Amino acid sequence: MSAGLAAFLDDYSAALRRHVAAPGQEGLSEGYDLGRRALVEGVSLLDLTEHHFRAVAEFAGAQADSRRAEVALEFLLQTMAALDIATRGYLDGTRRYEQQRSRAEDLAGRDAFRTALVESLQDGFFVADAQGTIVEVNSAFGVLTGYGADEVPFALPHPWVLPDREGYPQIGTEASRFVMPVRHRDGRERWLAVSASSLVRQENNERIFVGTVRDVTAEHDAQARDQAASRLATAVGAATSMVEVLAVGLDELRRTMGARTALVAVWPSRTGRPDVYSCGAPPSGSGPELTAATATPVRENVGAEVPLDDEVRALLDRARRQTARGLSAITSEDEGVEAVVAPLGETGDAALWVRFGAPRAVSAADWALYSLLVGHLSVALQRARNFDQARATSLTLQRAMLGPIELPPRFSVHYEPALPPLEIGGDWYDVVPLRDGTIGVVVGDCVGRGLSAAVVMGQLRTAARALLLRGAGPAQLLAELDTVAGRIPGAMCTTVCAAVLDPARGMVRYSNAGHMPPVLAPPGGPGRVLEGGRAVPLATFDTPRRPEATTALPPGATLVLFTDGLVEQRGYDIEEGFVKIADVLSETGAALPRDVADAVLSRLAPAAGYDDDVAMVVYRQPPEPLHVDIPAAAAELTGLRRSLYRWFATAAVPHDLAADLVAAANEACSNSVEHAYRDSEPGRVTLTATCEGDRVVLEITDTGRWVPTPTDPGFRGRGVEMMRVLTEDLEFTQDANGTRVRMWVTLPSITFPTANPLRGTGRRDHLDQLPAR
């Protein structure tokens, strides 16, 4: 036995005797302290228990009783309490250790399972920290982006981000679902669907992002194809002519395909040079790139220098002759696609050529998109051609029913349909020169629109023309037209205004069957509405007698007859329209009739366009004669020319003819200035301009004598010959009173084209009607 153990046992025996002799709390505390000492000194429980029973037997002896034994046992138990606590603590620690070891083994198994599960995912998996740095990815993520697990971490900006695609969140920076474009390591562009969640680590409260990525490139491309086809179809859907289709379709096609140039060549006659409609950079590639503001398809005129080299023209010529409708690729030396050609339409006279900025690889999805776009453009082009054919047919019909192709001088007409693009309606005008020098004018409006109204209009217009040619006045014409309208289905309530103009006398007779009253304005004066001669529309009530009114036509006055579509607008008082017309006529007294018509339409046109047909006739009464008396000085000729131009405009002389007459008159006055007073004091030059029916006559007189024209005038002296060429006829009179030059031209008929637009004039060249000199 060791000394320490012997000392402990002796102390234990002494404490036990004291406690047995005087049991109490103090003894128990001493026993507990001995237990703690035994734990520190490593006293065995067996040694302690054996010694306890020996000690009890020694000092109790034969006097031992149950009470002493119980007190001694209580002391022993108190001593062993500290040992018991230590033992149970050890066992608990051992159990916790076993539990932790088991848990660690379970976590290791779970990590292996998690790793296997993450790697088995077909979708890419990632873990990112709060700063957006990717710290963990699986192998599928590496396949999708080209950046695998052996290269983590990936800090911001991530290497797969496209710098030119702003507005997309980066992977691992947001907890949401979104689709973003990425650049694969091999250079391909892909679209990834990202699904990310935000989590917080329990051990350090750090926020992380965990999510998956999935390749949705095919779905995105399919959606892009559908959207591109929809945009193109929408863009060309409202176009009704080939030019309109190509104007919007080529630009949309070029932007969607990412091309540098897109053009369409159309062979109108199947041979010769094509018409070229282009968008983007010049087709030859030699010119600068066009900006977005100027990238508008333009049409190159036939015969002009078309910006196509021979190789491209040959490609387009071959493409338009292909029977199979498909795309053909033009490849470069490295097998990249430089351009795409394809036939358009079904008539074999048009082909498309699209050139990329640089050779590119074209996938099957790209070819599907290109084929879809070209198909939409081809269908739209064919539909536009059908519209063009129907339009030309309708315009020919409309022109045949509307009135004469050639109008007398000083007239202008306009027809604005409310049903584009066929432009057929029930409004009409007619201008009929009569044998006595007067001019019959009829403007009417049938009920309804479209082809049915046009059929009624054609019958009434023909009947009205026949009545005018037979000599019927305005009131008689409407009275007899009542009977005609009563026998035509759909002609009831047709409104008509009929007038007979007498330019020589300066008078107009008119009668109105429920129609818009004409507006008359003298030059520079206020316009007024002609309210006389009004009655009910045709075929409504039996009228015993149609009224008729007569009013004077002041020199230079402008008369306008029109249908109700010009002044009737929703939300506006019709009187406002009449006031606007009167104001325009007052402001345009010195303008040509066609310019007056343009000004009226511009002032009254609604923002959304006319919702009813508009027919309008503008007439200009010949003005008063112009008389100019100036000193025979060159400085005075400028003012004379200005006065002539103003008077010619008031007299409705076309601009090109007015320029010829001003040049001829200026030459005559220049001769008077230079030659008439060569050997005398300078005198005066007088110019008189008058309208004699359809002729404009100029007279230039002076009191001097001109130098006879030499046989060989050389470089000068050709003024007289120029005056002969610029006028229809030329007369010279010389006597003791001086020299008189008389020249004149016949105003040409106002010629209207049979195709759209209906408005616009073009004079017949008066030089073709001059007699030989």
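This is a predicted model: local features need pLDDT of at least 70, side-chain atom pairs count only at pLDDT 80 or more; totals for chains, interfaces and linings use all residues.
## The five-stranded sheet

An open sheet is built from five strands, ordered β2-β1-β5-β4-β3, with antiparallel pairing. The edge positions are taken by β2 (134-137) and β3 (177-183); each has a single partner strand, so one side of each has no neighbour in the sheet. From one strand to the next, the twist averages 30°.

Within this order, β5 and β4 stand side by side. Strand β4 spans residues 189-200 and strand β5 residues 207-215, and nine bridges link the two in the antiparallel sense. One of the facing pairs places A193 opposite R214 in β5.

The bond joining V152 and P153 has an omega of about 5°, while the bond from L156 to P157 has an omega near -5°.

## Non-glycine residues with positive phi

C493 is not a glycine, yet its phi is positive, at about 70°. The residue belongs to the loop between α11 (474-486) and β16 (495-502). Its relative accessibility is 36%, and C493 therefore counts as partly exposed.

A652, also not a glycine, has a positive phi of about 60°. This residue sits in the loop that separates α14 (637-650) from α15 (655-676). A652 counts as buried because its relative accessibility is 7%, under the 20% cut-off.

How values were computed
Residues are numbered from 1 along each chain as its sequence is written. Side-chain values use heavy atoms; hydrogens and water are left out. Two strands pair if DSSP finds at least two bridges between them. Helices (H or I, at least four residues) and strands (E, at least two) are DSSP runs, numbered from the N terminus. Axes are lines fitted to C-alpha atoms, for helices over the stretch in contact, and angles run from 0 to 180 degrees between N-to-C directions. Buried means under 20% relative accessible area, exposed over 50%, partly exposed in between (1.4 Å probe, protein chains only).
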